[in-house]
Amino acid sequence: LLPHKNADLDAVASCYILSNILNIPVGLLNQPVENASNFIKLFHMDVALITNPAEYDLIIFVDSCESVQFNRIQPKNAIIIDHHLCQITHPIENVLAKHIVSKDKYISCSCMIYELFLKSKINVTPKIASAIIAGFIGDGGWLMATPHVRNLIENLLEISYYDLYELNKLIEHNKIKIKTKIAHITKS
């Protein structure tokens with residue numbers, strides 16, 4: 001499982017979710033952004049830096065469908081799982097299967113994966129519920145979500161391993177930085 005380069009919270013959370021269900025390892029192309037690193041620590045994720053993608057028979061690309069987001073890797077075989085339906089300008093080759101939907105429908109890749117789990121009747125554990133919520137928060141959360149997605153998340157809160165306060169801490173540091181930058185610009 002491979003999130004896009006400079007992996008964000010939703011990409012890493014989505015890989016965590018799929019890894020737990022499919023028992024497939026997670027790789028990274030480079031150091032993820034801070035909130036994704038926080039997630040990796042909180043969830044005790046085992047990740048490896050991918051230096052030679054050609055050695056893998058299959059790569060599942062998560063949270064993007066553009067090869068430029070994956071350093072233009074062209075694997076032997078690929079699966080794409082993404083919620084950024086758009087015109088693809090740099091396609092990934094050798095795609096065996098793909099599930100790509102519009103971001104208008106799913107605020108986060110993790111929510112889209114959860115909906116697939118519901119349709120397939122896959123059991124969601126408390127830690128997976130927490131990961132879905134974390135991905136949702138990381139990609140915009142309540143303000144950008146459709147009512148349907150909000151309902152999905154509210155149901156998950158009841159079984160989540162981590163409470164909402166703990167999951168919000170994954171992104172709090174980033175929010176402080178953004179507020180500081182806006183304040184600095186306002187003063188300037």
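Modeller: Happy to! This is a predicted model. Let's start with Ile59, which stands opposite Ala78 in S5.

Biologist: What makes S4 and S5 a pair of strands?

Modeller: Two strands pair if there are at least two bridges between them. Four bridges join S4 to S5, so they count as paired, and they run parallel.

Biologist: And which residue in S6 is the bridge partner of Ile79?

Modeller: That is Ala97. S5 pairs with S6, residues 95–100, over five bridges, also in the parallel sense.

Biologist: Why is strand S5 called largely enclosed?

Modeller: Because four of its five residues, within 78–82, are buried. Buried means under 20% relative accessible area.

Biologist: How do you know that Cys111 is buried rather than exposed?

Modeller: Its relative accessibility is 1%, and the cut-off for buried is under 20%, so Cys111 counts as buried. Cys65, at 3%, counts as buried too.

Biologist: What classes of residue line the second largest pocket?

Modeller: Its lining has 11 nonpolar residues, one polar and no charged ones. Among the lining residues are Leu1, Gly27, Tyr56 and our friend Ile59. Gly counts as polar. Strands S2 and S4 each supply at least two lining residues, and the pocket's volume is about 210 Å³.

How values were computed
Residues are numbered from 1 along each chain as its sequence is written. This is a predicted model: local features need pLDDT of at least 70, side-chain atom pairs count only at pLDDT 80 or more; totals for chains, interfaces and linings use all residues. Side-chain values use heavy atoms; hydrogens and water are left out. On a 1 Å grid over the protein atoms alone, a cavity is a set of points where a 1.4 Å probe fits but cannot get out, and a pocket is an open set with protein on both sides within 12 Å along at least five of seven lines; lining residues have an atom within 4 Å of a point. Grid points are joined across faces, edges and corners, and a volume is the space filled by probe spheres set on the points. Buried means under 20% relative accessible area, exposed over 50%, partly exposed in between (1.4 Å probe, protein chains only).
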